Amino acid sequence: MVSLISLIILASNDVKSVSKLIKIAKRIRDIREIIVVSQVSNRDIYDTAKRLGAEVIYQSFHGYPRRGVSMRDGFYLSTGEVIMYVDADLGVVDEKILSEIYSPILSGEADYVRGVFPGVSSKLINEIVKHLADHFYPEIAKISHYFSKIQAGLRKIFENTEWDLGWGVELLILINTFKYGLRVVEKDLSLKGREVKLFEIGSDAIYELIETIVKKALRDKKITGDEAEELLNKYRLLIKEKIS
Amino acid sequence: MRYIVVGSSSYVSFVLNAIKEVDPRGVIFYIDRSQEISKMIASQFNINYAYGDLLDPSVYQRINADMADVAIAATDSDALNIRLIELFKKVFSIPRVATIINNPMNISEYLRTGVDLIINPTATIESMMKAFISSDRWIKSSTPELFGLDVYLNRFVKETALGITLSYIRDAIKDLGDVLVFVVSREGKIIRDPLYELVEGDSVVVVTPRGLGEEAIKRITRSIERLKVLRTGVDTGITRI
């Protein structure tokens with residue numbers, strides 16, 4: 001039985017959501033630590049979260065929000081045996097949803113749980129990225145979503161991961177989790193009345209995912225440098241074609 | 001002296017260069033999470049290296065971190081730097097710990113750790129940019145905390161029409177104690193003569209003990225505003241710092 005969950009809130013410009021999430025989390029006994037990673041230079045988020053007793057840090061990359069940087073920074077500040085990430089703009093969070101994600105880990109049924117909302121997956125990701133990811137890392141074929149706005153995993157998963165600084169961060173976490181034979185569960189949270197804000201994924205983000213997979217395959221010696229270059233050029237053109 | 005330098009942010013090579021230059025006989029240990037990076041940087045600078053989980057004390061025990069005189073946390077994560085500073089201070093009692101901040105918005109989190117020196121590279125960028133695109137504006141120059149000084153600079157252009165003398169500026173801050181004010185002319189000559197009247201392109205340098213700089217500049221600015229009202233009869237109500 002593991003204890004001490006570190007809740008890491010990834011916050012953009014939504015002070016109200018951050019404040020609501022902290023208040024909910026404080027009512028949950030298993031959550032012993034709340035860390036807010038502010039992805040923007042908004043002082044309101046910092047002040048509000050501090051006032052409510054959370055630990056706060058601005059993401060190290062001073063510019064636009066970078067998912068991998070924020071997840072990594074939050075992890076480094078955390079001390080919990082279970083790390084739980086929630087995007088502040090998820091919008092549907094209550095105690096029950098949080099519990100649906102971390103409970104399977106506490107009970108030992110899973111090592112990494114990812115909340116998903118089927119139907120909100122990007123068509124482009126399924127068409128372009130999934131095919132490539134499944135090719136090099138067939139073990140992740142059963143994963144339906146590469147982005148999750150609510151997820152939790154054992155500390156060792158994040159300790160051993162290679163931190164991609166952008167959108168590819170969760171892909172690397174997934175590849176790493178499967179590599180160590182850990183159990184990944186996708187939890188369907190799409191019940192009636194739960195409306196979530198979609199990830200706004202543009203061509204840059206799709207390309208970042210492609211780049212993450214190709215570079216990882218190169219590091220793992222599954223392809224040569226020339227092949228990697230060729231693949232990247234091919235996908236760059238393909239994305240351009242699909243987007244236009 | 002023995003040094004520990006941790007992380008692979010883009011500033012690390014400058015840190016290592018600086019140490020090698022001022023203490024060529026110093027013993028330097030470079031540590032990163034990746035074996036490949038540690039090895040590469042160590043061979044570039046001809047120093048020792050170690051690698052592993054950067055927050056695992058055993059990585060540092062292996063290199064006798066408790067014997068180090070200086071540790072520098074220079075990763076590209078502020079959160080990790082903060083944890084490293086705590087580790088160096090609390091677990092290994094390293095006497096002097098420095099860091100390089102990535103996002104200056106995190107400065108208060110760093111200050112809480114008791115770190116001895118925070119290097120903020122962005123402060124230089126801001127000062128240089130302000131100096132480059134403006135005149136008649138006071139700019140705080142970035143000086144290392146440990147020097148205990150505040151340095152402010154102003155390149156006078158339009159305000160020279162007011163007939164400002166060096167003694168006029170000095171008078172504005174005479175109650176503040178030890179404040180050094182001098183002029184650097186456009187030709188790079190240092191001028192201390194109290195009767196000297198500023199001409200276009202002169203830079204005025206104000207050096208105060210740390211913490212007094214802002215007050216000194218406030219007083220000088222107020223004094224120049226008063227002079228402006230006297231000479232032109234117009235109260236702009238604008239105070240620029």
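**View 1. Polar contacts where chain B meets chain A.** In this predicted model, 13 residue pairs are in polar contact between chain B and chain A, with both partners at pLDDT 80 or more. On the chain B side, helix H4 (78-91) and helix H5 (107-111) each put in at least two of the residues that touch chain A. H4(B) gives the largest share of that side, with 5 residues.

**View 2. How much the two chains cover up.** Here 17 residues of chain B are in contact with 22 residues of chain A. Between them, chain B and chain A bury about 1500 Å², and 47% of that sits on carbon and sulfur atoms.

**View 3. A salt bridge across the interface.** Side chains of opposite charge can pair when their charged atoms come close. Chain B and chain A have 3 salt bridges between them. One pairing to look for is Lys50(A) with Glu109(B), where the closest N and O atoms are 3.5 Å apart.

**View 4. A salt bridge inside chain A.** Count over all chains and the structure holds 28 salt bridges. This close-up picks out Glu208(A) and Arg66(A), whose side chains meet with 3.2 Å from N to O. Glu208(A) belongs to helix H8 (residues 203-219) of chain A, while Arg66(A) is in the loop between strand E3 (55-58) and H3 of that chain, so the pair ties together parts that are 142 residues apart in sequence.

**View 5. Two phenylalanine rings in chain A.** Over all chains there are 12 aromatic pairs. In the one shown, Phe75(A) and Phe158(A) are tilted, with 6.1 Å from centre to centre and 40° between the planes. Why does this pair tie together parts that are 83 residues apart in sequence? Because Phe75(A) lies in helix H3 (residues 67-77) of chain A, and Phe158(A) lies in helix H6 (residues 155-159) of chain A.

**View 6. The two domains of chain B.** Chain B splits into domain 1 (2-119) and domain 2 (124-232). Taken over C-alpha atoms, the centres of these two domains of chain B are 37 Å apart.

Key: Residues numbered from 1 in each chain as written. Chains lettered and ligands numbered in written order. Predicted model: local features only at pLDDT ≥ 70, side-chain atom pairs only at ≥ 80, totals over all residues. Heavy atoms only, no water. Domains from an automatic or database assignment. Contact = heavy atoms within 4.5 Å. Buried area = accessible area lost by both parts, 1.4 Å probe. Salt bridge = Lys/Arg side-chain N within 4 Å of Asp/Glu carboxyl O. Polar contact = N/O pair within 3.5 Å; in protein donor to acceptor, adjacent residues only side chain to side chain. Helix = DSSP H or I, 4+ residues; strand = E, 2+ residues; numbered from the N terminus. Phe/Tyr/Trp six-rings, centres within 6.5 Å; stacked < 30°, edge-to-face > 60°.
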